[in-house]
Amino acid sequence: MLDSERLKDYAVLILCGCLFITRHSAFATFNSLMRFVMKYSLPGEDDHLSIFGKIAGQPSKCSLPHDGSFIKWNKVEHMKDVCNPCRWKAFKDAYELKRRIVSVYHLPQKMTQTTTPTTSNINILDLSDENLPFVNQTQLKDIKNSTLSLKFYSCKVHPMYIHVDPELRALDGVEIFRKVYRYQPLERQRIEDAKKEARIAFVMSRHKSVVPLLFAFSHDNRIYEVIELLYERKKGTLESLLLRGLLLPAELASIAGHRIELVDNVLWRAMIDIVEAVVDVHSLIESLNPLDIKPANILVGTNEKGEFALYLTDFGHIAEKTPRKAAIDYAPPLPNIGAGIGKESPTKYNVWSMACMLLQVLVFIDGKCNASELETFDMERQEGFKDAAFWTDEGGEIRLREPVFEMLKNLEKGRGGSRTFQVVEKIRKMFSIDPDARDTMEGCLEVFQNTKYSRWPEGQDHMVCGCEKWTVKYRIGRHGRRYPAKLAVYRDSKKADGILMPSEQRQQPGERITIELELGSDPPKQDENSCDLITFAPAAFWRTEQEDDREREDLGHEDMKTEGMEAVWFNGLHPTHTILFPRGDEYRKFVALVTRQEIKRKPLSNNTEFRIERCIINDHTSYIHGNVQLWHLLSEQEYDSRFGRTPLSPAAGRRPSFANIKPKGLTDWKLVFWMHHPSTKDRVCVVLDIGEKTWKLNDKPGSPQVIIKQMYLLPLKPKIRAAVFLQTVSERQRTLEEYPFIPIDALELQNALQEKVVNKMEMVFPSAEGKYMCGTSVCPSLIAA
């Protein structure tokens, strides 16, 4: 960094000759030499003559122009042409140069700051005249954004320096990534932007998923002002992992094809840490520019435990004062306004860019961590366009490009489960064309963190039937307001040496079921119990139009005036919660999910209830105003297929020979009546077993009436089996009124059915047409059975 000509003229003579030629007492010891060169005033004339006079006599006029202690250094032909004071000055400067050569500058691990570090109180050290301990420097020419003003190098810290500086022993043998800006002195704004980048990098180094800044400093080489940022060099980038198949760690390769939930992959978990780092950037850094979020700016490495990890890097774009777009492929929809970002806020811009990168990661994981599927997705996205952006403007209509739309849809329907669906649903919202419709990065992080680790109960299978997409709500207490929830259902895993449902004698313990409610921002509430101990009250099956109106008036909530009240309560599960289903089809599917009983539909209709005016049991017990349903018990194979039973491990399962076996005593078909007592209005549930040949049907053509009678009257012949579930005292804080509770377990329901409860059942429908519709649904099913 010092002038080489001055070094050539003076260094050899003064440093090597003076101590030995003069033999002056001033140099008798090293300390006396130090005192001599550290003087701030010129030595006396006698000292000049005694020290430098033996070199040459003083010229009549010094060749170097100077005024007192100020000397303007120019090239001179010989030492005899300069005066003794100038000789002393050269000696002193040469000594300083030698001292810097043998004494390497001590690089602090933390840049100078006086308080909690912010981008305003961090000083970038000027090391223009310092010798730095970096060796083996090599330019990295393969980095895409290298320019005349920005170069990248790799280097190492000199091992001798590491040994004398204990603070840097961790860098022994570590390769350093050196980012070097070179700007002319007139480019003041660019110089300030580069220094701001260093300050941001230092502030963000506290986050576990940000590449820590090791050193940052500036220096002036008289042509350029140079700003350098030094980091530990990582293994590579996320781009090289996703698109070139490099750096695939064992953690990814070993589970690539064996995880049901995409979000259980370690790559996805590491991406959540990157989202968290961006949230930290938003909270700590004020900027007019977004981050340059793209896979090339995410580094691949390992953490302190040696585990796979990703690291956010490159704060150059966010440090710039003038707003401009980042990488075009990851930019949100922007008007044609040049390089700026229009009305996009930098934080919402980052949300879009992050959605692009997260989608690419999910595509990569879904392709079993093979680059080919992601390459296909990227090529299809770019086909017919100049870039690989995720959106298109077609005649003023801005929307997602078709491959992006289709990929989101495929990921929702494909591998995974409730947690993967929640993630894809959030990414879809991050892709909102309107920036105001996008969630904050913090809101996205909350969803991702809730899905980060599996809550899959040990020893149970996940029912991946789409229930995670349902518009479920919940309520606590009788008059509690409704809140949105997510639903997940798990059942005991199948056994390879037996059937799932226990025998009639209950020699095996009952199957356990887990229902999980994701309650907004609260932690998920999981509750588990044995099916044979759980009963439920499906309130909607008793509902009449009059009851709907009356309940809305009683509750007085605006939200209840706009949607139906499809409620279900459990005894034995979630005892304080009412689960609500605004959609009737989802409500009925949920009942089938927990009971294994499929509720048959009306012909050419999605409805499963047949209105019935009255049912009379044994000619004397009458119930009115209700609904009748036909229940069909699903076989193991039918149930597993219908509700997407998914084991935690692909190896789990049961031998196919057991697929359609049911425990002894279970029958396939039941009529279920949801009625009211004519005087007390109490709710009643009547279950009639029609799966055995114990009954016959008497029909009166043209009449709304039909009668089911006992087929055999002889004592040893089988009789109709039935059960009447009467209204019970329930928790008054949970329900508006009391409801009967019915077993959810197929075997428990079967055991509750007894002979002699119903010998004759007379059913009166609102019309002959209603009776006909019920008959066309019931009779063919029974004949087929």
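This is a predicted model: local features need pLDDT of at least 70, side-chain atom pairs count only at pLDDT 80 or more; totals for chains, interfaces and linings use all residues.

**A hairpin, a core and a sheet**

Residues are numbered from 1 along each chain as its sequence is written, and side-chain values use heavy atoms, with hydrogens and water left out.

Strand E12 (residues 391–394) and strand E13 (residues 397–400) pair in the antiparallel sense over four bridges. Strands pair here if DSSP finds at least two bridges between them. Strands (E, at least two residues) and helices (H or I, at least four) are DSSP runs, numbered from the N terminus. Two residues sit between E12 and E13. Gly395, in the turn, has a positive phi of about 65 degrees.

Now the core. Which residues have the most contacts inside the largest nonpolar core? They are Trp268, Met354, Ile427 and Phe431, in a core of 88 residues. Such a core is a set of buried Ala, Val, Leu, Ile, Met, Phe, Trp, Tyr and Cys residues joined through side-chain atoms within 4.5 Å. Buried means under 20% relative accessible area, with a 1.4 Å probe and protein chains only. Helix H11 (residues 346–366) gives the largest share, 13 residues. Where does this core lie? Domain 2 (129–233) and domain 3 (236–455) both give residues to this core, so it lies between them. Those domain bounds come from an automatic or database assignment.

Take Phe431. Leaving aside neighbours within four places in sequence, its contacts (heavy atoms within 4.5 Å) include Trp352, Phe390 and Leu400.

H11 also packs against helix H14 (residues 418–430), at an angle of about 145 degrees with the axes 9 Å apart. Axes are lines fitted to C-alpha atoms, for helices over the stretch in contact, and angles run from 0 to 180 degrees between N-to-C directions. Among the residues that meet are Met354 and Leu358 in H11, and Val424 and Ile427 in H14.

Last, the sheet. Six strands form an open sheet in the order E16-E15-E22-E21-E20-E32, with antiparallel pairing. Its edge strands are E16 (483–484) and E32 (742–743), each pairing on one side only. Strand E15 (residues 473–476) pairs with E16 over two bridges. Lys473 has Pro484 in E16 as its bridge partner. Helix H17 (residues 584–595) lies across strand E20 (535–538) and strand E21 (567–571), running at about 20 degrees to E21.

Terms used. Buried means under 20% relative accessible area, exposed over 50%, partly exposed in between (1.4 Å probe, protein chains only).
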